[in-house]
2 protein chains.
Amino acid sequence: MHKLRIVSYGLGPIGLRAASLVLERESLELVGAIDTADDKVGRDIAELLALAEPTGIRVERDARAALERLQPDALIHCTSSFLPAVKEQLLEAARLGIDVVSSTEEMLVPDLQHPELARELDQAARAGGATLVGTGINPGFAMDFMAVVASAVCRRVERVQCVRVVDAGTRRLPLQRKVGAGMSVEEFTERARGGGFGHIGMRESIALVSRGLGLQVDAIEQTLAPVVSERAHTTPFLTVAAGQVAGIRNLGAGKRGGETVVELDLSMYVGAPDPHDEVILEGEPRVHLRFEGGLPGDLATAAILVNTLPGVVEASPGLKTVLDLPPPRFRP
Amino acid sequence: MHKLRIVSYGLGPIGLRAASLVLERESLELVGAIDTADDKVGRDIAELLALAEPTGIRVERDARAALERLQPDALIHCTSSFLPAVKEQLLEAARLGIDVVSSTEEMLVPDLQHPELARELDQAARAGGATLVGTGINPGFAMDFMAVVASAVCRRVERVQCVRVVDAGTRRLPLQRKVGAGMSVEEFTERARGGGFGHIGMRESIALVSRGLGLQVDAIEQTLAPVVSERAHTTPFLTVAAGQVAGIRNLGAGKRGGETVVELDLSMYVGAPDPHDEVILEGEPRVHLRFEGGLPGDLATAAILVNTLPGVVEASPGLKTVLDLPPPRFRP
């Protein structure tokens, strides 16, 4: 069997976790790693993953040099949430004909907020013979892709509701910080005003669902509110006192003619009871799908990225969405 | 927008329901209907669907003549559960370059029971420029595709369990008959010995899951048992007395080295409590997915067939499985 040759580009928590999954898969071979952080460049990726044995793969700073030399089949790309920040990275891969699975949230529906950039990426990908796609657990699966997949059984879909409840207390510290856990309500409100909080990619999730199911959403709205803790919670990293912020509730609405046809309800806070993921399709039949216990964010995102690799390598060139590819699946 | 031109081939309950969905979709156009039943040939399909207005589409007996004349983009094919019985029908479509979405249960994994026939179909499809795929609610979605889709979030999958509980009392009469509702246990046992009962496609579901997730199943086993009613149930069509057969429980096991790694548990009986569909993946993470209330068999199968049409038209030629195509989705 030909192993797919993979480079990990961006070695933050998700990128590292994805790299470790690539290392353990029989069907994949990790051939390179790219990051610009001074404390990572030059080190064997085994050190960053706390593996007992070196891999022989050293972190490189110069992406172009690494990609030109390695010519991998595909990249796992985990460097930023925002498309303008990763434009040159993706164009470089596209020109070299290297397929990309990206965790960049705005890559889920690239033309939603960046239509010209998306056109440029698509042209470069077609010219270079590369396929580019963005995915993850959210956006990319729990609050969008699963709703679209569930619609397969439907004669009609009129309205979509997705609920995701995450107990932030079981997640890593940066995630707990990102949802404001342990802050006073005043501090949270101040920081929220500057756009400091909130899930990235909700607009893209709504757009994916709307386009996928032909719901013709013409306006997308979002609200963000702190969830205030009623009692003290202690996580491995911090303590949230009663009356402090435990995390966030982020609501997204996709509207058509003023009526909400896509509703996304995301709660991420320390101590959230009954974590779960849920999709409800109002239509014929009504579909009610539930992941008991919920889908674990970091692991699931890393797994989805890795599980999307074979599909992106087989797909025709261009800038794609997850709806254009066969569904990602676990393979050893 | 270019409407896809569709022919309905086979006008039993599922085929008719699928045809009615095609008629109501803006993106699809029903251009022909084929069946060999004397009471259907020559009639406007509107009569068979009890529509108020004629469609102008008359049921034709001669498939080849109809397909050669109409040259549709795709067929919805609902004529038989077994691949040898539909071989010539599919070869005809393949030679004419007409894509096919088939409800033939054995078409889910055609080479499982008919490797030579599958090879012949694949060659004809490639030569003719046609794409052929088999799907439905079960097999095709509830007990196989959904398990594969859910695995996207997994680092590892070691074991798959799918449970489907259908209250046969809410289904059509042929389905109630097919599960033996209202028979004595003796009668059921006698008929079961001749292979008269049981869900078709369980082997294919197990094979799809095993191949999709690399579980290397080397043996497939099935058991069928009657579910005996503890109290009387009356459906719109028949009555099941206490002590009579209410329906079936069909267990399927995919084994690797003697260990069950895929377990399918299908109950279809009159009065079944808590109808639902469930997928459990043992691995990392453990995934527990549940469709509350279950997925309605006939409507869901018709919808999946219709919702697969755009994907099969866009796909490259050949004999495919549902894992090769983008996920089917509702589109107006």
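A:Cys162 is buried, with a relative accessible area of 0%; buried denotes under 20% relative accessible area, exposed over 50%, and partly exposed the range in between (1.4 Å probe, protein chains only). The sulfur of A:Cys162 lies 13 Å from the closest cysteine sulfur, that of A:Cys154, which is too far for a bond. B:Cys78 is likewise buried, at 11%. Its sulfur is 18 Å from the closest cysteine sulfur, again in A:Cys154, and too far for a bond.

The model is predicted: local features need pLDDT of at least 70, side-chain atom pairs count only at pLDDT 80 or more, and totals for chains, interfaces and linings use all residues. Residues are numbered from 1 along each chain as its sequence is written, chains are lettered from A and ligands numbered from 1 in the order in which they are written, and side-chain values use heavy atoms, with hydrogens and water left out.

The same surface serves both copies, as 100% of the contact residues of chain A recur in chain B; contact means heavy atoms within 4.5 Å.

Four cavities of 30 Å³ or more occur in the structure. A cavity is a set of points, on a 1 Å grid over the protein atoms alone, where a 1.4 Å probe fits but cannot get out; lining residues have an atom within 4 Å of a point. Grid points are joined across faces, edges and corners, and a volume is the space filled by probe spheres set on the points.

The largest cavity has a volume of about 50 Å³. A:Pro326 belongs to its lining, together with A:Thr308, A:Gly311, A:Val322, A:Leu325 and A:Pro328. This lining has four nonpolar, two polar and no charged residues. Ala, Val, Leu, Ile, Met, Phe, Trp, Tyr, Cys and Pro count as nonpolar, Asp, Glu, Lys and Arg as charged, and the others, Gly among them, as polar.

The second largest cavity has a volume of about 40 Å³. Its lining includes B:Arg25, B:Arg329 and B:Arg331. By class, three lining residues are nonpolar, two polar and three charged. Helix α11 (residues 297–314) of chain B gives the most to this lining, with three residues.

Note on methods:
On a 1 Å grid over the protein atoms alone, a cavity is a set of points where a 1.4 Å probe fits but cannot get out, and a pocket is an open set with protein on both sides within 12 Å along at least five of seven lines; lining residues have an atom within 4 Å of a point. Helices (H or I, at least four residues) and strands (E, at least two) are DSSP runs, numbered from the N terminus. A disulfide is a pair of cysteine sulfur atoms within 2.5 Å.
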